[in-house]
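Colleague: I would like to learn how to read the features of a protein model. Please take them one at a time.

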Amino acid sequence: MKSVEESFSDSKAVLLIEVQKLEVVRNEDNGTIKYLEAKFKTVESIMAADNDINVLRTYSNCGLDLYPSQKYLVYVPKESTVENYVSRCHGSFKYLPQVEYTRAKLDAVRKFAHNKSMKKGT
């Protein structure tokens, strides 16, 4: 797992999202699952991307368990073999407002972003 600082520096966007729709994308040659693709709405943009991001993708052991109507804090990496790939290994996590641990994690991300923007302004 990466630190908040590492996750930020490797990301083109940091977003609190709510998954709207989830689709399975399969390999054309053999029908195996290639990745899951999520359409989402942005609840909070902690670090906005230069270009709009309309879908997120996840797969593998590091992949997020995405479910419609659930919220996630996602770090969208600048570079990945799959565009807009989000994973636990990059620091992304499911946000459960009723769980103190995830509230604290989100607060730490917000605090880091705030401090980063304050340093940029000086």
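Modeller: Start with accessibility: buried means under 20% relative accessible area, exposed over 50%, and partly exposed in between, with a 1.4 Å probe and protein chains only. Cys89, at 35% relative accessibility, therefore counts as partly exposed. This is a predicted model, where local features need pLDDT of at least 70, side-chain atom pairs count only at pLDDT 80 or more, and totals for chains, interfaces and linings use all residues. Residues are numbered from 1 along each chain as its sequence is written, and side-chain values use heavy atoms, with hydrogens and water left out.

Colleague: Which residue does Cys89 join in a disulfide?

Modeller: A disulfide is a pair of cysteine sulfur atoms within 2.5 Å. Here Cys89 is joined to Cys62, with 1.5 Å from S to S. The angle about the S-S bond is -45°, and the link is left-handed. Helices (H or I, at least four residues) and strands (E, at least two) are DSSP runs, numbered from the N terminus. In those terms, Cys62 is in the loop between strand E3 (55–58) and E4, while Cys89 is in the loop between E4 and strand E5 (93–95); the two are 27 residues apart. A search of the whole structure finds one disulfide.

Colleague: Is His90 buried or exposed?

Modeller: His90 counts as buried because its relative accessibility is 19%. This residue is found in the loop between E4 and E5. Contact means heavy atoms within 4.5 Å. Leaving aside neighbours within four places in sequence, His90 is in contact with Lys2, Ser7, Tyr75, Pro77 and Tyr85.

Colleague: How do I read a nonpolar core?

Modeller: In soluble globular proteins, nonpolar side chains tend to be buried together. A nonpolar core is a set of buried Ala, Val, Leu, Ile, Met, Phe, Trp, Tyr and Cys residues joined through side-chain atoms within 4.5 Å. The largest one here has 14 residues, of which Ile17, Leu56, Tyr72, Val74 and Val76 touch the most other members. Strands E1 (11–26), E2 (33–47) and E4 (71–77) each supply at least two residues of this core. E1 gives the most, with four residues. A second, separate core of 12 residues includes Phe8, Ile46, Tyr75 and Tyr95.

Colleague: And how are aromatic pairs described?

Modeller: A pair of aromatic rings is described by the distance of the centres and the angle of the planes. Rings of Phe, Tyr and Trp (its six-membered ring) pair if their centres lie within 6.5 Å; planes under 30 degrees apart count as stacked, over 60 as edge-to-face and the rest as tilted. The structure holds three aromatic pairs. Phe8 and Tyr75 have ring centres 5.9 Å apart and planes at 75°, so this pair is edge-to-face. Phe8 is in helix H1 (residues 4–9) and Tyr75 in strand E4, 67 residues apart. Both Phe8 and Tyr75 are buried. Tyr59 and Tyr85 form a tilted pair, 4.8 Å centre to centre with 45° between the planes.

Colleague: What is the phi of Asn84?

Modeller: Most residues other than glycine have a negative phi, and most peptide bonds are trans. Asn84 has a positive phi of about 55° although it is not a glycine. Asn84 is buried, with a relative accessible area of 7%. Ser60 also has a positive value, with phi near 70°. Ser60 is in the loop between E3 and E4, and at 47% relative accessibility it counts as partly exposed.
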